[in-house]
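My entries follow in the order in which I checked them.

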Amino acid sequence: MDAALRRHLPTAEYALPDGGYFFWVRLPGVDTAALRARARERQVDLRPGRLFSSRGELGEFMRLSFAFYEAEQIEDGLQRLAMCL
């Protein structure tokens, strides 16, 4: 996912996870809730950061899962997600 993020979403900000199943990604200036609606039209999903904030913040953040997908699926999904931007 790291390589695919660098290729398809070069403005994304994130730290490599030390474990777990997700990348926590910031897209400066992007409302990830609105991005999610566009992404679903391309059969891609993400979890907007606002879902994880009790104050409705984190609108530029999203959570992406890498645990249940093959490398080719991650590559394709991030390529389609980039098209939504």
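I found 17 lining residues, with Val44, Asp45, Leu46, Ser65 and Tyr69 the closest to the centre (lining means an atom within 4 Å of a point). The model is predicted, so I note that local features need pLDDT of at least 70 and side-chain atom pairs 80 or more, whereas totals for chains, interfaces and linings use all residues. Residues are numbered from 1 along each chain, and side-chain values use heavy atoms, without hydrogens or water.

I then asked which element gives the most to this lining, and it is α3, with six residues; helices are DSSP runs of H or I with at least four residues, strands runs of E with at least two.

Next I checked backbone angles, knowing that most residues other than glycine have a negative phi. Gln43, in the loop between α2 (32–40) and β3 (47–48), has a positive phi near 55° and is exposed at 64% relative accessible area. Leu58, in the loop between β3 and β4, has a positive phi of about 70° and is partly exposed at 31% (buried is under 20%, exposed over 50%, partly exposed in between, with a 1.4 Å probe and protein chains only).

How values were computed. 1 Å grid on protein atoms, 1.4 Å probe; cavity = no way out; pocket = protein on both sides within 12 Å on 5 of 7 lines; lining within 4 Å.
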